[in-house]
Amino acid sequence: MKGPNSTWPRAQRVMLIAAGLTCATVSPVLAQKATRERPPGVTDSAIAVGRALFHGTANCAGCHGVEGQGSEAAPALTDAVWLHGDGSYEMISKLVLHGVTRYESTEGKPMPMRGWAPISDDQVRAVAAYVWSIGPKGRGTALENRRKN
Ligand code: HEC
């Protein structure tokens, strides 16, 4: 006989899977918020201004992809691998200011200073604040991940 009970195990399995997925997606975000302290200068407004520049005037997204996800032209800025330093706000600011020469480049692809955009020093720092904000947690170990040529 098929009573209402026979449908329970399936419903419970579905709920367990749903609960598991929720934990798996939510916990890394919480961990990231808890462990990364913002350096001075990385304010909400700097991040917002930087984000607009990144996708607009500075056109970083043209090479680094929308939200810094990466493209053929340039590496992702969201993963844990930093090719040119420790991923600190200072490092990112300096890199954007000076760019990456062909000699320094890890893949023979240079990055023009300031992304070749007409942006001020303050705008460079804002865009760096945005890049810092989309980056991974666990800064300071990236040099160990540095790719070999
Ligand atoms: C013309 C394409 C281009 C533009 C525009 C550009 N970049 Fe880059 N960027 C690159 C390339 C290529 C690299 C990596 C060079 C290499 O090592 O091969 C890079 C590297 C970087 C890095 C270092 C990544 C790491 O892993 O260490 C940061 C940070 C960065 N860019 C931020 C920016 C920001 C912010 C902007 C906008 C102001 C910008 N870039 C505009 C091409 C570009």
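This report covers a helix pair, a nonpolar core and the surroundings of a ligand.

The model is predicted: local features need pLDDT of at least 70, side-chain atom pairs count only at pLDDT 80 or more, and totals for chains, interfaces and linings use all residues. Residues are numbered from 1 along each chain as its sequence is written.

**Two helices.** Helix α2 spans residues 44–55. Helices are DSSP runs (H or I, at least four residues), numbered from the N terminus. Helices α2 and α5 pack at about 95°, with axes 7 Å apart. Axes are lines fitted to C-alpha atoms over the stretch in contact, and angles run from 0 to 180 degrees between N-to-C directions. The two helices are therefore roughly perpendicular (65 to 115 degrees).

Contact means C-beta atoms, placed from the backbone, within 7 Å. V127, leaving aside neighbours within four places in sequence, touches G50, L53, F54, A58, C60 and V96.

**The core.** The largest nonpolar core has 20 residues. Such a core joins buried Ala, Val, Leu, Ile, Met, Phe, Trp, Tyr and Cys residues through C-beta atoms within 7 Å. Buried means 20 or more other C-beta atoms within 10 Å of a residue's own. I92, V127, A128, A129, V131 and W132 have the most contacts inside this core. Its largest share, 8 residues, comes from α5.

**The ligand.** Of 30 residues around the ligand, C60, C63, H84, M111 and G115 come nearest. A residue counts as near if its C-beta atom, placed from the backbone, lies within 6 Å. The shell divides by class:

| Class | Members | Residues in shell |
|---|---|---|
| Nonpolar | Ala, Val, Leu, Ile, Met, Phe, Trp, Tyr, Cys, Pro | 19 residues |
| Polar | the others, Gly among them | 8 residues |

Definitions and conventions:
Angles under 35 degrees count as roughly parallel, over 145 as roughly antiparallel, 65 to 115 as roughly perpendicular and the rest as oblique. A residue is buried if 20 or more other C-beta atoms lie within 10 Å of its own, exposed if 12 or fewer, and partly exposed in between; C-beta atoms are placed from the backbone. Two residues are in contact if their C-beta atoms, placed from the backbone, lie within 7 Å.
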